[in-house]
Each structure stands twice: as C-alpha cells, then as structure tokens.
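Keep the structure open as you go.

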Amino acid sequence: MIWHIAKREILDNLTRFRFALTLILVMVLMVMNAVIFVSSRYPRRLAEYSEDTHKAVESLKKKSRNLGELAVKGPGDLYKSVSPLTFIATGEDANLPKRVEGAYSGGSSIGMTTPDFSFSYSWSPNWWLQYPQDISRKNDSLPNFTELDWTFIIGLVMSFMAILFTYDAISGERETGTLSLLMANSVSRATVLFGKFSGAFLTILIPLFIGVLLNLMVVNASRLVSFSGGEWVRVAIIFVTSAVYISIFLWLGLFISSQFSNSSSSLLTLLLIWIVFVVLIPNTMGVLASGFKQVPSSSEISRIKKAKEGEIDTRYKEEDKLYRTGSPSDTPPKIEVLRMWADYLNEHADAKSNINDEHLNKQFAQVAFTQQITRLSPAAVYKYALESLTGTGFVRHKRFVQHARRYRQQFVNFIRSEDGGDKESYHVYLVKEGLSQKPVAFSSIPKFSEKLTLGITFKSALLDLTLLILLSLLLFMLAVLAFLRSDVK
C-alpha cells in the first residue's frame with residue numbers, strides 16, 4: 001500500500017511545474033558550477049600552488065649548502081595543497097590563507113668601541129612561524145553562503161524545492177476533501193504518511209541525481225581532475241548526506257502540512273521557517289556570535305610583540321653584558337658567548353611564534369564558537385559536513401596549521417640530529433656560528449606534506465553527519481505524531 005501511494009505521488013509530482021523547475025534549475029546550476037571550476041578556478045589555484053611549491057623547493061636547496069644558514073633561515077613557506085573537491089564545498093577556501101610562512105627577517109649588525117672593549121657582530125634573527133591572513137581584521141572563516149557550489153545548490157535551492165513538494169501533501173488533500181476519502185479505506189495514517197514521503201523523496205532525487213551526474217561528467221572530462229578511490233567514496237558519502245539533508249525538509253513539510261487545513265497557510269509557515277533557519281541563522285548569527293569572542297587586532301598584536309622584544313632586549317643588554325663577553329664571530333668564539341647569543345636569539349624567535357600561535361588560536365576559538373551557534377541551522381550543519389568531507393573550509397585550514405606546527409618541531413629535530421654528527425661543530429642551537437657549517441643532503445631534509453585520507457575527513461564530518469541524521473529522525477517522529485493526532489477533515 002505504501003508503494004501504491006508513493007507511485008501516485010510520483011506521477012502527480014512529475015506532471016507538476018515544480019518538478020520541471022527543479023530539474024532545469026539544478027541541471028543549469030550544477031553544469032555552471034562544473035564549468036567555472038574546470039575553466040578558471042581550479043586551474044588557476046593549481047598553477048599557483050605548483051609555482052609556489054617549486055619556488056619553495058629551490059629556496060630550500062640553496063639553504064641546504066650550509067646547515068647553520070638552514071637552521072637560522074628555516075624551511076621557508078609551507079603551502080596548503082588544493083583539494084580536487086572544492087567544487088562541492090568551496091568553504092571560503094579561496095579567501096583563507098594558502099600558506100604558513102617560515103619567516104625570518106633581514107640581518108642586523110652592531111659595532112661599538114669603548115676604552116674597555118671592542119665589539120662587532122652581524123646576525124640574522126632565527127626563523128619563526130607566521131600566519132599571513134586577513135582574518136586579523138575580518139575573520140574570513142566565518143560562515144558565508146555565497147559560492148556557487150553544492151552547498152549552495154543543494155543547501156539552499158534543493159531545500160526550498162523540498163518544501164514546495166510537500167507543503168500541500170496533506171493540507172491540500174484535506175482542503176479538497178480527498179484525504180478523508182483516502183482514510184476511509186483500510187489504510188493506516190502511518191502508511192499514508194510514509195507513502196507521501198517516499199513519493200516526494202524519490203521524485204526530488206531525480207533532479208539531484210541528474211544534476212550531480214552532469215556535474216561529475218564535466219569535471220571528470222576536463223582531465224584536470226583525477227579522483228582517487230577514496231575521493232570517489234567521499235563523493236558517494238556526500239550524495240547520501242545530501243539525500244539525508246533533503247529528507248529533513250520533506251519531513252518538515254509533511255509535519256507543517258498536517259497542522260493546517262489549507263495549503264496556503266502551510267506554505268507561508270514553511271517559507272518563514274526556511275528563511276529563518278536556512279538564510280538568516282547561517283548568515284547573521286555567525287557574525288553576531290563572533291562579537292562574544294573578541295580577537296585582538298593586528299595592531300594590538302604588533303604592540304604586544306614590540307613590548308615583548310623590548311623586554312628581552314632590556315634584560316640581555318643591561319650593563320652591556322651581551323657585548324662585553326665577546327662576539328660570536330671571534331675566531332675561535334667562546335662557548336659561553338655562543339650560548340648567550342643563542343639564548344637571546346631563541347627567546348626572540350620563540351616570543352614571536354608564541355604570540356602568533358596564541359593569536360591564531362583565539363581566531364580558531366572564535367570560528368568554532370560561531371559554528372556551534374550556526375549549527376541551529378540544518379543548512380549550516382550540511383555545509384560544515386561537506387567542507388569536512390571535501391577537505392576545504394575552516395576544518396581543513398585548522399588541520400593545515402596544526403600540520404605546520406608539527407613540522408616546525410620535526411625540522412628543529414632534524415637540524416639538531418644533523419649537527420650532532422659533525423665533530424667540528426660547537427653544537428649550540430640556535431646561533432649560526434654554533435652549528436655545523438657543512439652542506440646538508442637536500443634529500444634528507446624533511447619536506448612538509450599533509451594527507452587527506454577518507455578516514456580523516458569522515459572523522460571530521462562525523463558530528464555534523466550525526467546531527468543531520470538525528471534531525472531527520474526527529475522531524476520524522478514529529479510528522480508521524482502530528483498526523484496521527486490531526487483531523488482528516
């Protein structure tokens with residue numbers, strides 16, 4: 001009996017204008033998304049990434065000629081790889097920083113002569129991690145629904161079409177009197193409700209499947225993108241997730257439709273709910289919530305850095321003890337001089353890294369807080385799930401930064417290990433005269449890399465996937481309960 005009712009709903013929906021509109025709209029938007037991706041966005045970003053990483057490799061090769069220089073100047077900039085699935089969920093990936101800088105500044109020198117001593121030394125401050133980004137003044141990780149990707153096409157367009165497929169499923173038949181005729185037969189209300197849901201669900205899956213198929217055909221035919229097995233599995237999970245997301249609005253439509261005796265009232269109520277939970281909450285609540293977790297501005301961070309550097313300089317230069325004991329460039333240098341300058345330079349580098357790390361952590365906390373608030377919207381939950389599965393957006397950027405921080409320690413450990421093998425070195429980390437001056441085999445230097453496996457991305461998306469399933473089940477139970485308690489007349 002469920003299939004009989006579902007078949008009637010499918011045939012009825014296929015002859016409606018809303019089905020034709022949904023099919024055409026989804027097909028056009030999906031093809032546009034794929035064409036834009038393969039014609040301009042992805043090739044440009046891929047070329048930029050290839051050029052940037054090539055320059056980084058060449059720079060690292062030059063530094064490898066001298067271990068001391070490599071230790072002071074660091075590995076250089078670390079670049080975030082481009083996900084081939086950004087057409088599914090852009091996640092502000094184009095606006096987020098594409099690199100973490102292994103920064104170092106130009107050299108400094110000082111020379112002084114007094115009746116008591118003479119001092120001359122030229123040095124370069126030790127490298128530190130720096131995060132170039134606009135989110136110091138405007139947090140680009142905050143939720144935004146403006147890109148023509150799947151999160152827009154399915155998250156907004158398909159969710160709106162889902163309520164158009166169900167707003168009159170019960171109220172419309174109650175209005176015309178056909179519902180009472182249907183219920184006069186020996187059929188349970190649960191069967192009627194499941195039949196109507198199945199019919200609407202299978203009907204709306206047709207435009208979704210055709211649109212996704214066209215989209216993937218265009219992307220796959222471009223020869224720019226070659227999906228691995230894990231990426232195809234992620235695409236399949238994303239399609240199932242999209243179906244679950246659409247089911248939320250179908251159950252919502254049936255729930256509201258069962259509460260009204262006329263279809264116009266149910267449609268107006270559904271439109272209001274859709275605007276609030278799909279449009280307003282994702283685009284306004286995130287901005288409002290960010291005000292509860294303030295992040296220091298870039299000018300404030302600069303002042304903090306200068307104050308900390310001033311405190312370090314004052315402590316080391318009082319009574320000129322940094323200069324009176326000798327220079328690291330003396331031949332041979334005194335070991336106590338090398339250690340004092342190493343401590344001085346290391347404190348400066350550590351202070352910069354710690355301040356930058358703390359600032360970025362506060363930004364991450366702000367974004368995480370706004371995401372928790374905007375998860376009141378199923379559209380936001382769906383967006384975050386797709387961003388996690390595709391490897392874009394805030395979750396991917398945070399993971400990239402964490403990889404960069406781990407790589408920093410890996411690089412330091414490598415320098416110490418290489419220096420330990422040179423018997424001529426003073427083994428004082430980190431001042432260039434205190435380390436080995438021999439070249440380093442480029443192949444032995446640890447290279448920065450990050451992996452986005454199926455397991456990692458699925459684990460990141462698990463919370464949002466669970467929320468979508470639970471929300472669909474909740475609305476299903478509400479719809480069944482409401483219909484069981486409603487009047488069929």
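The exercises below cover the core, the sheet and the surface of this predicted model.

**Exercise 1. Find which residues touch the most other members of the largest nonpolar core, and which element gives the largest share.**

Solution. 
- Start with the core itself. It holds 75 residues.
- Next, list the contributors. Elements giving two or more residues include α2 (17-63), α4 (150-166), α8 (229-257) and α15.
- The largest share is from α8, with twelve residues.
- Now zoom in on W150. Setting aside neighbours within four places in sequence, its contacts include M30, F87, V212, I238 and Y382.
- A separate second core has 28 residues, among them L67, L360, F411 and F414.

**Exercise 2. Give the strand order of the open three-stranded sheet, and explain why β1 and β5 count as edges.**

Solution. 
- Read the order: β1-β2-β5, paired antiparallel.
- Count partners. β1 (78-79) and β5 (128-130) have a single partner strand each, so one side of each lacks a neighbour in the sheet.
- Check one pairing. β2 (residues 99-103) and β5 are joined by three bridges.
- Name a pair: E101 is bridged to Q130 in β5.

**Exercise 3. Decide whether L474 is buried, partly exposed or exposed.**

Solution. 
- Locate L474. It sits in helix α15 (residues 454-485).
- Recall the cut-offs: buried is under 20%, exposed is over 50%.
- L474 has 42% relative accessibility, so it is partly exposed.

Notes
Residues numbered from 1 in each chain as written. Predicted model: local features only at pLDDT ≥ 70, side-chain atom pairs only at ≥ 80, totals over all residues. Heavy atoms only, no water. Helix = DSSP H or I, 4+ residues; strand = E, 2+ residues; numbered from the N terminus. Buried < 20%, exposed > 50% of the residue type's maximum accessible area, 1.4 Å probe, protein only. Core = buried A, V, L, I, M, F, W, Y, C linked by side-chain atoms within 4.5 Å. Contact = heavy atoms within 4.5 Å. Pairing = 2+ DSSP bridges.
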